[in-house]
Amino acid sequence: MNENESEALGYNRRDFLRGGSVATLMTMLGGVQLFAQTNAAPAGDAKAAAAKIKVAVIGLGVWGREIINTLARVPQADVTAICDTYPASLKRTASAAPGAAQTADYKTILDDKDIKAVVVATPTFQHKEVVLAALKAGKHVYCEAPLAGSIEDAKEIALAAKAAKNLVFQAGLQMRSEPQSNFLLPFIRSGALGKTVLARAQWHKKTSWRTASPNPEREKALNWRLSKATSLGLIGEIGCHQIDHTGWFLNGLPKAVSGWGSVMFWKDDRDVPDTIQAVLEFPGGVQMIYDATLANSFEGEYEVLYGSDAAVMMRESKAWMFKEVDSPLLGWEVYAPKTTFYKETGITLAAGNSKPPPTDAQGQPIQPDPLTTTPLYSALGNFLRNAVDLSAAAEDYKSSYGADDVDGLMEHLGKVPRRAAAGYLEGFQAAVTAVKANEAILSAKRIELKPEWYELS
Amino acid sequence: MGQTNNTNMKKRTIIAKTVALLLLAMVSLPAAAQTTTLAARSGSKMRIEGTSNIHDWQCESPFIGGMIEVGPNFPLEPGQAVTPGKVEAKGDVFIQVRSLKSIEKDGKPYMDSMDNVMWEHMRETENKRILYHLTELTLKEAPKAKDAPYVFDAQGELAVAGVTNKLSMVVNVLPLGEKKLKITGTTNLKMTSFKIQPPAPKIAMGMIKTGDDIKLIFEWMLAPRKTPGAAAN
């Protein structure tokens, strides 16, 4: 949930820098250790006494397998079952989830009372059926973004999640869980950039998006992303994360979107553009320019916010601030680490930057497992920890106060603190933007985004 | 004719005795109903405060479960006249150890790693609950105002991390109307008295040493236990 982030509205930058806390001191030395909960083992003589929760993954494509590999490192995860309608996917994934039951029918997972949480990583157009059934079966649900390929389906998912107050629903907008982003949010919203005037993001990767298939029937199922009938294309499958991330920092929803796209390079039977551009108009006149292509990898993936005092570039869980020559000195940047990009020098913005890195018995820095430093790791970790906490809170409430006080229970569960994550509302709103942006791209038009489209009634 | 008269007489006697017994039972029932059972209700809170060489700390749980059974001399309504002295009361209370979470001074969550350290030192895996058994309750004096609490001396046993100690403490009982109660109290304890070693986790800057002394502060809400199909007491 993002209630804590919402409270950062109106955050005063001077207070952030001036406060007498240890956190502020660390910021002035170049980095701040946040309430950025990690799933790492606690320091000192305590073991990582993580309460485990049985979880299943439904959908074992490329991203489903990435989820399984990441869950293997999340202390709370006990991957009990995996599901895919394609036997080869099950077989390929089995070694990454040793001991997990394999099934082609997701309903067997939903019937298993021991499995408390499911991660839905099926093709987007299949999300609704699985998610609604999972919520009805009383499972905590992590649903990959975009939630659905249509606003109507996304709304059905979001409303069902909203009604399930005793369950955790998390949309797969993993940047919302990422410690670095949560560290940057108050900093940027406090006005550190001056007046924000522009935003830009890109995703460039030379790849066909086509998966080889052993037969024609499987071909269509495997390559659902290449058909307009089943895919929101680059803006929906990839751009939704970056647009949501940027809008989160700008603290607003887009008011209009214009788009263009075409198949520039991968001339096969696809009707989904392999190269797109979009301009999203945010409140306050801030335009976000977005482009994505499957035909070139230069500069990869990043987002930039441009302000009158500084720009901030975010890339691969790292961030740098580039100050204007006439912007006021904050003081701490003198001591902060810096990186040079061609002619520009970026000041590193990083959570925990001033803490000494952990070392092994020989005093050598310990390099973290790369899979534990990704936004997906944070998102899945927060999902399962929220699920553990909410389930425990419900059990403890009922054992302490009786199972008959349902209203009291639901009221209490609404107050249980949650770790940073995108909820049903954020997921729904991101889906609305994705659907309309894709429409704009396919029609080369400007579409006004009505505020009521983003409301859940 | 004489035998019929005798039979009728016997029947009337049996009926009269039966009615008398029934009347006696009806008179006795109110006395038996004067024992009231009250069950835990939401709105309760258990808070533990402690110290360390770095900073003071606190943790809370929103759950205090259990029940008390009280006799007729226990104050269930505001302003009820109660004679100072021992009152009939017994009770069992429990707190789920895993529901105790560390918090900042403003109530926001503090740190998962501190929670893990705390639970491990309380041997939560084997002892999932803190348990309190009330054995004796004595009213010290009647309250001076109608909305003032009744102050009791409570004797009982407290079990933490599998170790049980006798515990004497002062508790305040505030009737809220309709036999609902708010019971509050504070008591000072030492972790080591429950064979809990004050945690000393290592951190990047050195070691945190937790103080042995802790303070328990509780607010416990109770209401008559709901019995299916029965009228409220």
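Predicted model: local features only at pLDDT ≥ 70, side-chain atom pairs only at ≥ 80, totals over all residues.
View 1. Welcome to the structure: chain A holds 14 helices and 17 strands. Of its 457 residues, 44% are buried. Take the contacts in chain A between residues at least 6 apart in sequence: 72% of them join residues at least 24 apart. For the complex, the predictor gives an ipTM of 0.84 and a pTM of 0.84. Chain B has a mean pLDDT of 88, with 86% of its residues reaching 70 or more. Residues 229-233 of chain B have a pLDDT below 50, and this stretch has four contacts in the model beyond near neighbours in sequence.

**View 2. An open sheet of six strands in chain A.** To follow this sheet across, read its strands in the order E4-E3-E2-E5-E6-E7, paired in parallel. Strand E4 (101-103) and strand E7 (169-171) of chain A each have a single partner strand, so one side of each is left without a neighbour in the sheet. From one strand to the next, the twist averages 20 degrees. Look next at E2(A) and strand E3 (residues 77-83) of chain A, which are joined in the parallel sense over six bridges. Here Ile58(A) stands opposite Cys83(A) of E3(A).

**View 3. Ile58(A) and the largest nonpolar core.** This core has 108 residues, and the members that touch the most others are Val55(A), Ile58(A), Val118(A) and Val120(A). Helix H14 (residues 424-443) of chain A gives the most to the core, with 11 residues. Apart from this core lies another, of 45 residues, with members from both chains, including Leu409(A), Ile68(B), Leu76(B) and Val117(B). Back at Ile58(A), leaving aside residues up to four places away in sequence, the residues touched include Cys83(A), Tyr106(A), Ile109(A) and Val130(A). Also touched by Ile58(A) are Val118(A), Val119(A), Val120(A), Ala121(A) and Thr122(A). As background, nonpolar side chains in soluble globular proteins tend to be buried together.

View 4. Helix H7 covers residues 127-136 of chain A, and its buried residues are His127(A), Lys128(A), Val130(A), Val131(A), Ala134(A) and Leu135(A). An α-helix has 3.6 residues a turn, so residues three or four places apart point the same way.

**View 5. Two hairpins that share strand E13 of chain A.** Strand E12 (residues 301-307) and strand E13 (residues 310-315) of chain A run antiparallel and are joined by four bridges. They form a hairpin with two residues between them. Leu305(A) has Val312(A) in E13(A) as its bridge partner. Two residues lie between E13(A) and E14(A), and Glu316(A) in the turn has a positive phi of about 50 degrees.

**View 6. Gly91(B), a residue in a strand of chain B.** You will find Gly91(B) in strand E5 (residues 89-96) of chain B. Is Gly91(B) buried or exposed? Gly91(B) is buried, because 22 other C-beta atoms lie within 10 Å, and the cut-off for a buried residue is 20 or more. Residues up to four places away in sequence aside, Gly91(B) touches Gly66(B), Met67(B), Ile68(B), Glu69(B) and Leu134(B). Asn127(B) is 36 residues from Gly91(B) in sequence and 20 Å away in space, C-alpha to C-alpha.

**View 7. Pro78(B), a residue in a loop of chain B.** Pro78(B) sits in the loop between strand E3 (65-70) and strand E4 (85-87) of chain B. With 15 other C-beta atoms within 10 Å, Pro78(B) is partly exposed. Pro78(B) touches Lys146(B), Asp147(B), Pro175(B) and Gly177(B), not counting residues up to four places away in sequence. Pro78(B) and Gly177(B) are 99 residues apart in sequence, yet their C-alpha atoms are 6.3 Å apart in space.

Technical notes: Residues numbered from 1 in each chain as written. Chains lettered and ligands numbered in written order. Buried ≥ 20, exposed ≤ 12 C-beta atoms within 10 Å, placed from the backbone. Contact = placed C-beta atoms within 7 Å. Pairing = 2+ DSSP bridges. Axes fitted to C-alpha atoms, helices over the stretch in contact; angles between N-to-C directions. Core = buried A, V, L, I, M, F, W, Y, C linked by C-beta atoms within 7 Å. pLDDT = per-residue confidence, 0-100.
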